[in-house]
Every structure is written in C-alpha cells, then in structure tokens.
Amino acid sequence: MKEQKGIFRHIDRTLVLLYLVLVLMGWVSIYAAVYNDEHASIFDLSQSYGKQLLWIITSFVIALMIILTDAKFFNAFAYPIYIGTILLLIVVLFLGNVTSGARSWFEIGGFKLQPAEFAKFATTLALAHYLSALDFDNKKRKSQLIPWIILTIPAALIILQNDTGSAMVYASLTLVLYRQGMPGSILLFGVTIAILAIMALLFNQYIVIAVIAVLLLGFTFFIRRTWQNILKVIGIFVVASLFVLSVEYAFQNILEPHQKTRINVVLGKQIDLKGAGYNVNQSKIAIGSGGFWGKGFLKGTQTKFNFVPEQSTDFIFCTVGEEWGFVGTTIVILLFLALITRIIMVAERQRSEFSRIYGYGVASILFFHFFVNVGMTIGLMPVIGIPLPFFSYGGSSLWAFTILLFIFIKQDSNRLILV
Amino acid sequence: MASRIYADRKIVIISTFLVIGFIYIVRLFYIQVIDKSYTLSANNNVLRYVTQFPARGLIYDRNGKLLLYNEAVYDLMVIPRQVKDLDTAEICRLLEITPEGFNERMKKARDYSPILASAFEKQISKETYGYIEEKLYRFRGFFVQPRTLRKYPMSIGAHLLGYIGEVTPAQIEKNPYYKQGDYIGISGIERAYEKQLRGIKGLKIRMVDVMNRDVGSFENGRYDTAAVMGGDLYTGIDAELQQYGEKLMNNKRGSIVAIDPKTGEILCFLSSPGYDPNLLVGRVRSKNFGELNKDPVKPLLNRAIMGQYPPGSTLKMANDLVGLQMGVITKDTRFSCQGPGSSPIKCTHNHVSPLDVYMAIQQSCNPFHWQVFRAILNDPNYATVKERYDVWRNHLMSMGFGRTLNTDLAFELKGNLPSSDVFDKIYGKGHWNAMTVRSLSIGQGEVLTTPLQLVNYAAMVANRGYFYPPHVVRSVGTEKTKFSSQKNVATINPEYLDVIVQGMTEVFSGAHGTARAYKIDSLTMAGKTGTAQTSSGKDNSNFIAFAPVENPQIAICVIVEEAGFGATWAAPIASLMIEKYIFRTVKRKEIEDRMINANLLNN
C-alpha cells in the first residue's frame, strides 16, 4: 500500500481531474447526440454511448498501466515504439479497411484500430527523445534536419492513407521545435506562406502580387538602402510572386474538384449548402440555435435528427453548442485551454529535457485538434476530419489521447526522482 | 541545457493558444447569442406544419335522412426507399394490377422521391383495403392513408346539393384560407354553404429528421390547433319526394320544384335530365364532368333556377289579381269569349260566354284575360299606358316575378319582366299600348319565369298574399337560418286571393276544369295549367298547384319542356307529387306508370 501511495503521490491532480471532466462530458454529449427512445439507457452496449463507456473504462485501465510503468521506459523505448508504429502505418496501407475513402483501419473481429492515432504519441516520444539527447546541438545541420524527418515520415504515410487531416496534426509539432530554439523566422515564414496562399486563392493573383510589391517598396524606406538589401527585397518579391502564381496553378490543375469546392466554401467564395458547405452550415445552425443557455439536455433538434453528419465523432461540439448553449461551449473551450496551459506549465517545471519536450508535444497536438475541430464546427476552419480529444466517439482516438496524456503525467510524477 | 535560453518562448506559445481560444469564444457569442438567424434555420429544418383537414359537414333531409356524407377512402402509399423483400406477385394480385403496372407505379413513385411517400394506388376499395390491411406488415414501405370523399347515398339531388372540386389559383388569391389542393363547393348547396360546411382547418406541428421522417410532435403538441368539423346542414328537402320526382321526370326535360308555403322550405328541387351526383366525386370527376358537359340534353344545367321559361296560362291569375286590386274588374265582371274566333287572342277552349273570373281560370280562357289586361292598361285613374304598365309590373314583382328571390341557391336567375323603358325603346315613347304587349296577358311574349319563381307564386297564392324566400337549409347545426322570418307581402288584398284560389280549386273540381282528370277525392287541390308556346314551335307543359286548399302544405311547379299541353304531362305529375307528399303513397298506379314510362326527351 505504501508503495502504491508513493506511485500516486506526485500525480498532477489538476491534469487528471481535467481529463476526467472532459471524458465524462464527451460521453454525455455522445449520449445526447445519438440518443434514441428505444435505447434510453446510457449503458446500452448496442449504442455508441454504451460502447464509448467501454472505451472510457479501458482507457482508465491503460492510464493505470502507464502510471505503473517505469517512467524511464518511454524514453528508453521511444525509438522502438516509433519504428513499430511506422511499420503499422505501412502495413495498414496494404491490409487496412477503407472507411469513407481513407485506408487507415485495422479491423480485427469487429474491433477497429487506427494506427494513425497511436502514431501521434509515438512520434512525440521519438521527437522528445532525439531533441533531449546529449549530442543534440541545434547549431548543427544534422540536428536541424532529423527532427523534420521524424515528423515527416508518419505524416507522409498518413497522407498515403488518404487521411490528410490526421497528417496535418504533425505540423503542430513544429511548436515543439520553436520552443527548443528553432528560429522564430521559420515559424513566421510558415505563417506568411499560409497567408499568401489564402490571399492567392481569395483574390486575383496579379492584384496580390501588386500588393506585395507596394508593401515591399514601403518596406525599403525603413531599411538601409544598400545594394545588398535592395537585392534581398527584390529576391523576396520574386519568390513571393512565383509562390502566388504556383498556388493558383496548383489549385486549378492539381486539386480534385471536391477539394477545390471545400476550400472555396471555407474561403467564402462559394456557397454550397447541399454539398461541401452542408456540414458546416448545419453545424453552425446547430450551435447557433443553442442560444445563451442551450435547448437543454436531450432537447437538441439539429443534432438529434441527424441534420449534422458525424455528430458523435467530428461534430460532437455541435451537441454541446445546441444543448448547452453559449454557456456550455465557453466552459468546454475554457476546459481545453486550462488543460493545455496546465500541460505547458507542468512541462516547464520538468528538470528532464525529455519530459519537457514531450509535454510540449502533448500540448501542441491537443491544441491542434481543438483548434481545427472547434474551428470547423463554427465555420472558421475547413472541414478536416479530426476528432475533438476526449469528446469524440471512438476507441482508437480516446485510447491514443489517453496514452499521450498519461505518459506525460507519469513523466511528471517522476520529476523529483529523476536527474 | 541550452534550450533554457528559449524559456520565454512559452509566453508566445501560451498567448497564441489563449488568443485563439478567445477568438473562438467571441465567434460563439456571435453565432449563439447575437445572430438569431440560426435559430430560425433550425426550426425550418425540423418543423413541418401539417394541415389538419376537418371533415366537411353532412347534409340531412327534413326527416333526418342523410343526403350527403363523407365516405372514407384509402390511398395505398409507398416510400420506395423503405420497400424491402416485397412479394410483388402478392401485391399485384391484391390490387388486381399487372407486374408491368406495378413497375410503372414504382417508377413513378421513385421519380417523385425515393424517401417521401407518394400514392401507389389511389382510392382503393373497402374490400381491397380489408385484404391489404391484414397483410400490410409484410409489405414494408407501404402504408394506407385514409381520405374522405363526398358520398350521395340516395344518388339524388345533383343540382340541389351540388359538388366540390379543387380550388383554382384565382380563388386562392381571393381568399387566403384556401391552399393549393383544398376543396371548395362549386355548385348548389355545397357552394352556397361553403363557409359553414368546410369547418376550420387545424395545424399540427411535427418534427422531422434529415430524411424527412416524422419523429414526433413539437413540444408535445402545445402549439397544435385542432381542426373544427364543418357544420351539418338540416334541409327542408323531402328525400322520398325528391327521389319520386326524379323518377317521374325520367326521360323528360324540365323541372319540378315544391315548397312548403308556410315556411318557404324547398321540399323538392330537381332539374331533368339529371345525373348521379356520385359521378362528380373523386378521381372520376373530371372525366365524367367532361362527358356530362358535352351531352346535348345539358344535364349539368340547373333548369329549376336557371331555366327561364314562358309561364303561359299559369300567369293569368297574376293579371286577375292586379285587375281586382286596381278595381278595373270585380269578381263578378264578365267578358265574352268567341272561342277560337276571338280576337285579338283566340281561345283554345269551347265554353259558355260571357264568363266570370272563376270560370275563366277553370277553363283557362284567353279572351277573358286579354280583356282584364286591357282594362288594366286602360285604367282611367292613371294618365299614361306607361304608368299603368308600371303599376301592373310592380304588383307582379311583389309576387316574386322579374327578380331573384334572395334564396340560398347559387346562380339563381331572375327571369324576365321587362320594364316600361324596354317597351319605350322597342316601340318608341307613347307608341305602345295594351294591344302592342297583349301577349303578356296570357304569359307569353317577353315575360319569362324560372320554375322557382312559379312555385313561389303558387305558394304566395296558397298563403293568400305572402311568401317566404324559398330556401333549402333550415338550420346549420343548431342555428336556424333566417329565411322563415323574412315575410314578403304581395301588394294584393287577401280577399282577391280568395277569388283566385276558388278559381284554381275549380281547375280540379270544376266540371270543365282543365286538370279535372287528376283530382283526388279526399284532398282539395288548387292548380293552373299552362301550355306555353316556345320559339321551337313545340309547347312546354306547365302546371302550378298547391294543397290542401284549406291548409296548404305543399306548393308545386312542374315544367315539362316541349311536351305539349299543360294538362297532359305537368298536371298529372304535379298531382302525383302532391299525393306522394300528403299521403306518402301513390294509389293512382295507372297514371304513375304512364308518367314514369313516358319518354319525352326527343319531342
């Protein structure tokens, strides 16, 4: 008993509590989303909410197992875990089942497993392991390159599965690199690229180029006008112009029609309430009709009658919005922000470099999911099918997020013992 | 620990997270609290406003017999997407359709919508419904939807009761109560009492899911309104008499209208040839309507109120009444008659001469009535012919001629009783006199009357000088109609009416009475024959009558078009009708058979 108490003593209670609250709120939301009179019991195993309870219980078991595992194990076995997952990602390409266009599932006796979900924590472990290694030096070219390779391999494999949404999650891990000293200009460069791409799609490309020219011209008044600087500005202009032109070209010639439509709908260039815009529109209606206090538990009409597709998975936030109103959505957002900020705060108190980097990875991944999923339901993000952590229905994602979080909690509980 | 240098970057990262979270909360506040349009869209998504159609009111006769009610019919509906494991052969057998017919219907339904219900087979019979209902559980995707159709159980009173049909766009525009596909009364009582019969539509708010499937009522039906059933109409019609009249008029053109003089209630109202009113119901309506509309004998024409006939000799008593009232004749005044040699109007009867008003009515003497009419238009109390004519005309209008009678029947025509201005126009002012318009004295010439006007005139005589507007409906639900309190008094003193009644009684009872062959020993009847010349050259057979004379219970008008003498057809038919009404059975089988079997359609 004393031993056990020792194991649980340094567990961060706030994180565990936030985790429990989110998981339970998710479960209740799934119940409300797919509720039907014939199976009114929340424990009915023939329904999504009954199954989700099973996932929750097994997740608790997994969490417990992680707590009971030696903390050093995850650092030591980071690479084997990473390589194992990569192999699974390759195998699934050949043996996986296809669900809504993505070949990303293993189906073993009615039990579905999505390797891409587990690749998230495996990649984070590998990244943390590499970045915390003693011979890591971010001045060296090799040290700058390898983290990108670690990120790119799983992302590329997931893109091959035709699950672009899940692949984009890995981009969030660049925040970890930033925290570890990657020049801010690279992040700034990425954001600039994204803004330029959006502008190129929204407006006439030549107008965009003209605006760039005017901005750069204005910029030259604030710098020392040496030949070198002027050449640099001209170089930037040429590169930016070429980029704008190539975005337009890629959009017109490379993207599939349905991808074009999706992008157009998000950019507001196209209104398509029956097609690509349907989900987003119905989702906005569901959330919007919730009002300040919401319609009340099980009183939602939008989500209950299947107007919002995938309401128990990717669009679970709609149910919160419709039934609990602005109060409910604000609480959920604040809970996520609390969880993520807490993770960063806890990460910062780590003496182990590995733990801290891993913590940042957890925060980045959770935040990216939250950012994209909620943004999608309120029409601020394109429809990218990734789950809302702890909320969305599904065993793989709940297990994967639980593992992701509890490895960190375990590392943290060991912070005083290690080093 | 080189990366400790970058520890302040956590501020940048956390700030980014918090800013995005804040943006999301602001966005949510906008769409959830400020922008109300989403709530509206949500309601439009899930709420379906389903109209509840009230049952149309029923129509009863004076003895509580049903004339018109609603019959439940059943449409077999199908939702194509839900059809599964269907025994096609079985359903074809039940509906008596071929497999091709089945495929055609399914295709039509699928083309309309794979997920919405559409009618697979409309108005299936009760028997078929019985079979299908038993086996419905085996036909997934099929269900039966009950609807109602108007049903005329005795197949009588087509023109009287009228029919309903779908509203036209023009009607919808005029009255927003109606929506596309609603039914509205088009003719007869169905039209006249549309407002009372239709009831009030109700509204049910149902919730549907994204597939448009019903998932229950909205807020437990708190905002639903129930449909209010249409009011039942209690009429004065005697269904048996109506049926008997239609039988008598079989294969004849013309009309019978009978009323109760004491109240103005219409007992029988028919136009012949008629049609089975059930023909204009449901899905066969438009086809049958087309056929009836093309029929040369015009079965759709309501002759009882739209047929404008020359009254012929039936109008003579009106002249006598005006003459007596103006004092240009007395009950003892006699005029001579030279029989067929009379001038300017010949007499069709041989009788004593000179004769008084009683005898003149009994034997329908033309010269006598010409003399009366001439005396009226030469009355020295007035300066001009025009003035005298106007007096005559006003008296006739007080008896209900030349105007509509303010009844509850749609499309009532007013006949023709020309004003003096019309004659001024035709002949020139001051250039016409009694001689010019002499035909009016015997109910010919310009004057035209509807059967309804003639029966109303008979009722006025029966009442000795007044009438109530003839009407069909006594009460709507428990609320009485107002007709029986609207007493119309003719401008003739009752004492003069006694004179006329006496003359009309002798039409049956007199030794030379024109209808003496059709008297009934135990009943005092009063009547008047009319043999009206028409433009076709063939005479209409007219008759008006009432009985019993001492306490009138029925007044009647019979017109048989182009059939010959009034005494040959209209008089016996009227007499039989009176017998039927008063005694409930007809004993004079020989006359009855002769009338029923006569085919005068092609005279």
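Pro548(B) is found in the loop that runs between β18 (540-547) and β19 (554-560) of chain B; helices (H or I, at least four residues) and strands (E, at least two) are DSSP runs, numbered from the N terminus. The peptide bond that leads from Ala547(B) to Pro548(B) is cis, with omega near -15°. The model is predicted, so that local features need pLDDT of at least 70 and side-chain atom pairs count only at pLDDT 80 or more, while totals for chains, interfaces and linings use all residues. Residues are numbered from 1 along each chain as its sequence is written, and chains are lettered from A and ligands numbered from 1 in the order in which they are written.

A cis peptide bond also joins Ser343(B) and Pro344(B), with omega about 0°. Pro344(B) is placed in the loop between α13 (316-326) and α14 (357-362) of chain B.

Most residues other than glycine have a negative phi, and most peptide bonds are trans. Glu96(B), although not a glycine, has a positive phi of about 55°. Its loop lies between α3 (88-95) and α4 (99-112) of chain B. Glu96(B) is exposed, with 11 other C-beta atoms within 10 Å; a residue is buried at 20 or more such atoms, exposed at 12 or fewer, and partly exposed in between, with C-beta atoms placed from the backbone.

Lys298(B), likewise not a glycine, has a positive phi of about 55°. Lys298(B) lies in the loop between α11 (285-294) and α12 (303-306) of chain B, and counts as partly exposed, with 15 C-beta neighbours inside 10 Å.

Chain A has 17 helices and 3 strands. Of its 419 residues, 44% count as buried.
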